[in-house]
Amino acid sequence: MDMKRDYYEDIELFKSTTILICSILFLIFLAVLPWLIEKYHPLGMSIYIVNLITVHALVAIGLNILVGYTGQISMGHAGFFAIGAFTTVIFVLNWSFPLWIALPIAGFVSSGFGFILGLPALRLKGPYLAIATLGFGMTITTIIKHMEFFGGRMGLQAPKLHLFGAPMKDIHYYYMIMVIAVLMVIGATKLIKTRVGRAFIAIRDSDIAAEAMGVNLTYYKTLAFAVSAFYTGIGGGLYAFILGFINPESFHLIMSITFLAMVVVGGLGSIMGSIAGAALMTYLDIKLQAIQDIPVIGAALLNFSQKYMSVGGISNIAVIVYGLIMILIVLFEPLGIFGFWIRTKKYWKTWPF
Amino acid sequence: MGIIIKIENLTISFGGIRALNNVSFEVEKGSIYSIIGPNGAGKTTIFNCITGIYPPDSGKIIYKGEEITHFKPYQVAKKGIARTFQNIELFSHMTTMDNLMLGRHLHMKTGVWRGATFIYKGSKAAREEIAHRAKVEEIIDFLELQAARNQFVVNLPYGTRKLVELGRALALEPELILLDEPSAGMNMEEKADLMFSIQDIRDDLGITVILVEHDMNLIMDISDRILALNYGERIAEGLPEEIQKHPEVLKAYLGEEEKVA
């Protein structure tokens, strides 16, 4: 069962045949997912929501590398997200680069900014770092908002992409995003298991010991910021195209905090948790806007909100329920959704006992 | 054999307290050198100065003929000096194996790109990983840590954690190892095992050991030379037998006998 014959098995992606088969089944599931959604609309899902979830998952993974694995906090990831989005659109729109070149460029531009932001992080910890990164996020949005080059307040229209002469639809974006996401998830998983990832985790658990063992703190902390910003930048680039337009106002503080919430709700220090967190938070964010459609309690909630809060009340209730779910998850399972998963796994492994 | 590390007039103060005052000593290559003294004598401070955690106010640290006084901790590690900590500084949410693998950090090369993109067993990153895991396995055998191999360090008992920390320092393949109270929290049996391990580290692996310890039996049994400190001052240095009889040392540990008229 857990017998190993080879050191490679420790770092292998598919630790057993079961995992390999499950992964293949999951990939097949991803391939037919658009078809399933079109046909059955489970849980009111649409391809657009899945695309959004996938993009947010990339951001959550990037942020988790920084927060969950390296132990540095960032409240400015909307800034990187904006940098990725605007860089991609400008390269495609103004200089007519193809997307597959513009996207990596956006990733690297974003990681360059990550590197710069990483420098003050060397001296700052905890709440101080949170404030510094918060300032970064707000500055970036303000700069973008006030420069004509970035479309100013109005933002930019992402150019329509064409595939074999026909304009791309949600479903085409779905496959493009999914291929990128799967590759980047695998990359993150492998990165964490090898030398660089171990150095990140070591810095989180004990930076003094990590340095005494030869880990160059300056280099690895800034590197963590850069890698994290790279993932977020790629996510931003894709986001611009699934949304169709980008507006500096949308990359606000709440967005940074929502990213952080995805990571915490999903589970700090877990790639799969990040994906789950991104899925749950994105789904709730969209679906709670139509909370009055929930049978029985929906109408009561709407009534309550209109009576005691404001006439347009439904968004109040959505935010409250959203907040409540976050509190409940963090309260009952500090490891987030990943914690639920671990418990379930343990339960089945030791099942009759 | 020659001198591996030489400390010259090391002085450091924290606020008004002089933690070390003009401390000098030298350690011969291939020996076990112990530093003793009551609490607050400055033993751990010496380690922190050598490994670059505290910059000394004055004095020099010369390692293999090269001055390393103002090196950063990771540069000191690169020179081949490894250490353990008094209050265990392990990576508690990593397994024993991964903790030891981190000790191999300086001997490995895989960067972000190669680490994230290796795909098969023969690729460079995978081969490196496998080779170093084999190396770490030797250390696990040496310290008999097999049972703890895949356990998270948080779940290990205190004595085992101390051994994991020793293992991590050994994984660096140092020439000089600084052990800060390695036997704290161990029972008699574990202490005896540790004593043999430390002797093996010197004899079989050829690593010079500097030891800070409170257990006098252990110190007297395995040390080649001993340095005694009190209030940051060097009060005696010599062979274990000399230290045992040294009047200043006895005074520091037992206090002065008051003359009763």
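How many residues does the contact take from chain A and how many from chain B?

Mentor: Some conventions come before the reply. Residues are numbered from 1 along each chain as its sequence is written, while chains are lettered from A and ligands numbered from 1 in the order in which they are written. This is a predicted model, in which local features need a pLDDT of at least 70 and side-chain atom pairs count only at pLDDT 80 or more, whereas totals for chains, interfaces and linings use all residues.

The contact takes 27 residues from chain A and 37 residues from chain B. Two residues are in contact here if their C-beta atoms, placed from the backbone, lie within 7 Å. On the side of chain A that touches chain B, the elements giving two or more residues are α1 (8-11), α7 (170-193), α8 (195-205), α9 (207-212) and α10 (217-243) of chain A. These names follow DSSP runs, numbered from the N terminus: helices (H or I) have at least four residues and strands (E) at least two. The largest share of this side of chain A, eight residues, comes from α8(A). Sorted by class, the side of chain A that touches chain B holds 15 nonpolar, six polar and six charged residues. In this scheme Ala, Val, Leu, Ile, Met, Phe, Trp, Tyr, Cys and Pro count as nonpolar, Asp, Glu, Lys and Arg as charged, and the others, Gly among them, as polar.

Y7(A) is found in the segment before α1 of chain A, and, leaving aside residues up to four places away in sequence, it touches I130(B), R133(B) and A134(B). Y7(A) counts as partly exposed because it has 19 C-beta neighbours inside 10 Å. A residue is buried if 20 or more other C-beta atoms lie within 10 Å of its own, exposed if 12 or fewer, and partly exposed in between, with C-beta atoms placed from the backbone.

As to confidence, the predictor gives the complex an ipTM of 0.90 and a pTM of 0.90. Chain B averages a pLDDT of 90, and 97% of the residues score at least 70; pLDDT is the predictor's confidence in each residue, from 0 to 100.

Chain B also contains a residue with a particular backbone angle. N9(B) has a positive phi of about 45 degrees although it is not a glycine. N9(B) has its place in strand β1 (residues 3-14) of chain B, and it is partly exposed because 13 C-beta neighbours lie inside 10 Å. In chain A, S96(A) has a phi near 35 degrees, a positive value in a residue other than glycine. S96(A) is found in the loop between α4 (77-93) and α5 (99-121) of chain A, and it is exposed because 9 other C-beta atoms lie within 10 Å.

S74(A) is found in the loop between α3 and α4 of chain A and is buried because 32 other C-beta atoms lie within 10 Å. Not counting residues up to four places away in sequence, S74(A) touches L63(A), L66(A), V67(A) and T133(A). The C-alpha atoms of S74(A) and G137(A) are separated by 9.2 Å, although the two residues are 63 residues apart along the chain.
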